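Trainee: I would like to learn how to read helix packing, interfaces and confidence. Could we work through an example?

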Amino acid sequence: MNIKQQVVTNFGSELARFEADWRSQVERIKARFKEAVEGISFPGTDFTDVPIVRVKPTSLIELLSFMKIEAGFDYDFCADFTASDESPREPRFDIIYNLFSTTRHNRIRVKMGIAESEEAPSIRSLWAGADWSEREIWDMFGVRFEGRPNIRRILMDNRWKGHPLRKDYSIYSYQIFPNPEPPYPEYLEDE
Amino acid sequence: MDLRTINFKNKDVPVDVLTSAPASVFVKSQHDPDDLWDDSRLIVNIGPTHPAMHGTFRMVARLNGETIEKSYCEFGYTHRAKEKLAETKTYHQFVVYTDRLNYCSALHNNVTYAMAVERLMGIEVPERNIWIRMMCCEIARVIDHLICIGISAVDLGAFSFFLYGFHQREEAYTLIEKLCGARLTTSYTRIGGLMHDAPDGWEKEVKAWAKQTRETIDEMDRLLSGNKIWCKRTIGVGVFNREQCMEYSFTGPPARAAGLDIDLRRDTPYMYYSNMEFDVPTRSNGDCFDRYLVRLAEIRESLRILEQCADKIKKGPIWSEDKRTRIPEKEKVYNTMEGMIHHFKFFMNGFQVPEGEAYTAHEGANGEMGFYIISKGGSSAHRLKVRGPSFWHYQGLSPMTEGAFLGDVVANLGSLNVIAGELDR
């Protein structure tokens with residue numbers, strides 16, 4: 001048995017079911033976004049379960065809204081939104097969008113490389129629910145988002161130093177706060 | 001820092017965080033004579049340990065009389081760095097951590113995690129294994145829904161309703177105990193197999209339990225669905241329509257109650273769900289009452305699936321043919337040198353997962369339960385993201401309750417069934 005060969009367990013029909021869809025979608029994305037698309041991985045040839053579209057940060061919002069609205073794509077549901085630390089590669093972080101189509105029932109993944117000093121585009125205009133995920137990515141990876149200068153942590157204490165899911169963050173490190181976290185009445189002020 | 005004061009806009013203002021303080025202290029910097037409601041504003045802090053919050057999370061709300069004007073939610077009090085641990089533990093060692101995500105239906109997490117890693121490795125599990133996993137999932141779904149509708153009724157003052165369901169829940173835990181010896185934190189699945197085979201006649205017991213539960217559900221339905229107080233407290237409360245559900249990535253019963261008809265068991269068929277006959281109940285209003293009705297209907301559907309599974313399950317192996325993930329037999333471990341070496345290699349070094357990445361989703365009791373794993377080869381994940389439905393549902397609580405009464409927060413939270421373990425990870 002060739003262990004490098006990807007076999008999809010219990011999901012075996014997925015590639016057969018959606019391959020034609022995915023192929024045409026990938027072609028359309030390539031034709032429309034040209035050099036803004038940095039690369040496309042396709043299941044079967046690459047080690048992934050769904051196609052991955054790598055996009056430049058400048059075209060991210062355009063690509064996602066295209067995929068959300070355009071007929072034949074309909075990726076209208078942001079199933080998951082996360083990041084990963086790819087150091088020592090440059091740019092350091094990958095922001096990953098797992099999209100799902102509620103009408104066609106297939107998934108696709110969009111990835112965007114972001115350097116430590118860069119600000120990632122915020123997709124709150126497309127999905128309001130991305131707010132907390134952006135806060136989580138800031139909390140865990142220290143990636144900032146455009147238009148959110150005062151972005152606050154979500155899982156960790158606001159006084160926490162460092163970003164735990166970075167690869168250079170030791171799992172044995174801890175910080176102790178003698179007092180509980182204070183309340184933040186300013187969050188209740190009208191914007 | 002003195003807890004009684006807080007530095008706000010460069011002045012120390014007194015705050016009693018455990019009870020409440022007049023909002024005018026911080027929200028309005030000066031008295032506004034035109035605002036009729038100025039003095040009636042109040043900041044109320046609910047949680048982190050409050051009996052109505054079902055776990056350690058907190059909501060801070062600015063009230064105008066009894067109406068919530070603005071609120072924010074906080075959580076993370078039980079953050080255990082599971083995603084960081086996943087990067088240091090081997091794939092096998094991480095199984096136990098998945099139990100503690102949604103502890104009301106731990107089997108869902110176990111099964112989803114096992115599926116996610118098997119998918120990366122290309123492991124095909126035998127038929128009996130899949131049947132048992134499916135039955136586990138459906139039992140867990142029934143348990144989760146029973147506790148959700150039961151507890152949300154307790155919060156609104158209907159205690160006996162909860163006890164009807166609680167008995168069946170205990171019986172279900174006994175069934176799970178027969179599988180793996182544990183009731184709550186099951187750790188039942190292994191990558192490519194299961195901890196133990198189901199004992200003889202287990203499926204018959206499940207069938208008998210399903211029959212009994214169906215009667216209980218009918219009884220519970222008669223008891224509460226037409227209850228005037230329950231209806232008044234839930235109908236039209238916490239409305240989240242289809243568009244908002246899409247915005248906030250709601251899945252599972254809260255989405256289906258608003259008419260967003262997605263069920264991964266039907267739409268992205270996995271295991272043997274495509275061979276099963278079941279309906280996906282949907283409603284259109286998206287309020288607490290509809291979420292309750294959807295959950296009630298889903299319990300009935302789950303029992304239907306369970307009965308079909310119990311008829312179809314056959315004897316057979318539960319472990320995959322693949323040798324990479326096979327835990328060595330105890331007989332060999334204790335009696336042969338090679339077996340013992342294999343045992344230690346397996347548990348200390350783990351098995352190698354080839355490079356690749358996959359997002360594996362499963363229709364959990366509360367919604368889409370997903371594991372997104374990036375593997376760079378080696379025995380632990382490069383990145384493991386847990387997509388828990390509670391994270392997205394809890395985010396909807398603030399917009400859902402804006403303009404509602406404070407008492408409705410309890411009804412909303414109960415109907416969303418937010419589980420702190422899954423939220424905080």
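**Reading the packing**

Mentor: This is a predicted model. Start with one helix pair: the axes of helix H6 (residues 202-224) of chain B and H11(B) come within 9 Å and cross at roughly 160 degrees.

Trainee: How should I read those values?

Mentor: Two packed helices are described by the angle between their axes and the distance between the axes. Angles over 145 degrees count as roughly antiparallel. H6(B) and H11(B) are therefore roughly antiparallel to each other. The crossing of H6(B) past H11(B) is left-handed.

Trainee: Which residues in H6(B) and H11(B) meet?

Mentor: From H6(B) come B:Glu203, B:Val206, B:Lys207, B:Ala210, B:Thr213, B:Arg214, B:Ile217 and B:Asp221. From H11(B) come B:Leu296, B:Ile299, B:Arg300, B:Leu303, B:Leu306, B:Glu307 and B:Ala310. By class, this contact of H6(B) with H11(B) has 8 nonpolar, 1 polar and 6 charged residues.

Trainee: At what angle do H11(B) and H16(B) pack?

Mentor: About 25 degrees, with axes 9 Å apart; H11(B) covers residues 288-312 and H16(B) residues 406-416. That makes H11(B) roughly parallel to H16(B). H11(B) passes H16(B) in a left-handed crossing. B:Cys288, B:Arg291 and B:Tyr292 of H11(B) make the contact with B:Ala411, B:Asn412 and B:Ser415 of H16(B). These residues divide into 3 nonpolar, 2 polar and 1 charged.

Trainee: Now the domains. Into which domains is chain B divided?

Mentor: Domain 1 spans 5-74 and domain 2 spans 82-387 in chain B. Taken over C-alpha atoms, the centres of domain 1 and domain 2 of chain B are separated by 39 Å.

Trainee: And the interface? How many residues of chain B are in contact with chain A?

Mentor: Count each side separately. Chain B has 56 residues in contact with 42 residues of chain A. Strand E9 (residues 356-363) of chain B gives the most to the chain B side, with 5 residues. By class, that side has 30 nonpolar, 10 polar and 16 charged residues.

Trainee: Last, confidence. What is the mean pLDDT of chain A?

Mentor: The mean is 83, and 91% of the residues of chain A reach 70 or more. Then go element by element.

Methods: Residues numbered from 1 in each chain as written. Chains lettered and ligands numbered in written order. Predicted model: local features only at pLDDT ≥ 70, side-chain atom pairs only at ≥ 80, totals over all residues. Contact = placed C-beta atoms within 7 Å. Helix = DSSP H or I, 4+ residues; strand = E, 2+ residues; numbered from the N terminus. Nonpolar A, V, L, I, M, F, W, Y, C, P; charged D, E, K, R; others polar. Axes fitted to C-alpha atoms, helices over the stretch in contact; angles between N-to-C directions. Parallel < 35°, antiparallel > 145°, perpendicular 65-115°, else oblique. Left-handed = near helix turned anticlockwise from the far one by under 90°. Domains from an automatic or database assignment. pLDDT = per-residue confidence, 0-100.
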